[in-house]
Amino acid sequence: MKKNAIVGQSGGPTAVINASLYGVVYEALNREDVFGNVYGMINGIEGFLHDQLMDMKPLDASGELELIKTTPGSYLGSCRYKLPEDLSDTVYPKLFEKFEKYNIGYFFYIGGNDSMDTVSKLSRYAASINSDIRFMGLPKTIDNDLVLTDHTPGFGSAAKYVASTVREIAIDASVYDNKQSVTIVEIMGRHAGWLTAASALARKFENDNPVLIYLPEVAFDQDAFIEKIKSSLETTSNLVVCISEGIHTADGTFICELGSEVGVDTFGHKMLTGSGKYLENLVKERLGVKVRSVELNVSQRCSSAMLSKTDQKEAIASGSFGVTAAIKGETGKMVAFKRQSPLTLDADYVLNYATEDVNEICNKEKTVPLEWISEDGSDVTEAFLAYARPLVRGNVLVPTDEDDLPKFAYRK
């Protein structure tokens, strides 16, 4: 008897999380020799606990599946549900009873660090009860902080959005070049500054904006920051500065905590916001120049207007590869990207796919290498540019005329 497959999405969405979903569903639907039905979990593992799922096959017949490739957000809905650390908790037998109820033999979960933790726990529990269900994680996060993979789907499109938006902000700021001004752009990144570093792609010439870039990988010194602003204004009258939301002092205090209290989310992570506003007030107080702060917020992850063709292609391929790996018998794994080309600006970009033990990935963070950050902590090096540039290439959504708006898929 054929087993059914089920796929879910979890955590914060990206511009290509549905491209990964497309890759899983398309590949599974075309392997009728292996799979019976292909189900989608509505609102992730939390929704599945309440029997919220849908048959994915009708989407292929209706054409909706093709639209998913360019739809932002999470088509199946998301959740931030953390499975218990104790594998003897009653939720595990309950989940596996539901797997049996729906004849599930293959489980695919698209998400970031906490989602890979879910795959890890389910695969370990399956091993403890001798279940033959295969569990596969598909990477997803604009933060690009998963270990054992060169990068993650979602980062390329978000990096392209950041670079393009910062470029537009820089041009806007430059129109009053006869008066000094500072624009501080706050970009997502709690402990890893990959996305903020991508703002360097906005530069077109030497000393172009953003002149200063601050990542959470190195301690932030307020006095040194002010001195750097002062000296940079001598050569660039309209200064653009990009900062990660998670920049912190040497003792680990987040800059945003200096201005207000910070709450926590359901996973215990501090909800960071306000670093840009705090520094705006600091610059205004210390230097007295015109200053404003801009927080890019969720647009970094939900915008598909500048969807990277490379990012979309790799997301689809990762979903397809994950299905193939599970068919071959792999479980407790995550699909990983393996770059084959050297990190030089003139190299042809080559990527392969593999699987890595999900237990070696979950609950760990990959940060920007310190050698890719300038010695004074205010910029990134050419090595980062060589790393990031191939990931933002290509356009997907290009309207043919001004009335031709992108068409998205909406789950009913």
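The buried residues of helix H5 pack against helix H2 (44-48), strand S4 (104-111), helix H6 (113-128) and strand S5 (134-139), where contact means heavy atoms within 4.5 Å. Helices (H or I, at least four residues) and strands (E, at least two) are DSSP runs, numbered from the N terminus. The model is a predicted one, in which local features need pLDDT of at least 70 and side-chain atom pairs count only at pLDDT 80 or more, while totals for chains, interfaces and linings use all residues. Residues are numbered from 1 along each chain as its sequence is written, and side-chain values use heavy atoms, with hydrogens and water left out.

Helix H5 spans residues 91-101, and its buried residues are Val91, Tyr92, Leu95, Phe96, Lys98 and Phe99; buried means under 20% relative accessible area, exposed over 50%, and partly exposed in between (1.4 Å probe, protein chains only). Seen down the axis of H5, these buried residues fall within an arc of 155°, so they line one face of the helix, the arc being that of the directions from the helix axis to the C-beta atoms. Glu97, Glu100 and Lys101 are exposed on the face of H5 turned away from the buried side. After H5 comes Asn103, which has a positive phi near 55°.

| Residue | Location | Relative accessible area |
|---|---|---|
| Thr141 | loop between S5 and helix H7 (155-173) | 6% |
| Tyr214 | strand S7 (residues 212-214) | 7% |

Leaving aside neighbours within four places in sequence, Thr141 is in contact with Thr14, Leu146, Thr152, Pro153, Gly154 and Phe155. With residues up to four places away in sequence likewise not counted, Tyr214 touches several residues, among them Thr196, Phe220, Phe225, Lys228, Val241, Gly377 and Ser378. The C-alpha atoms of Tyr214 and Val241 are separated by 8.0 Å, although the two residues are 27 residues apart along the chain.

Helix H9 (residues 222-232) and helix H10 (residues 275-287) pack at an angle of about 65°, with their axes 11 Å apart, which makes H9 roughly perpendicular to H10, a label given to angles of 65 to 115 degrees.

Definitions and conventions. Axes are lines fitted to C-alpha atoms, for helices over the stretch in contact, and angles run from 0 to 180 degrees between N-to-C directions. Angles under 35 degrees count as roughly parallel, over 145 as roughly antiparallel, 65 to 115 as roughly perpendicular and the rest as oblique.
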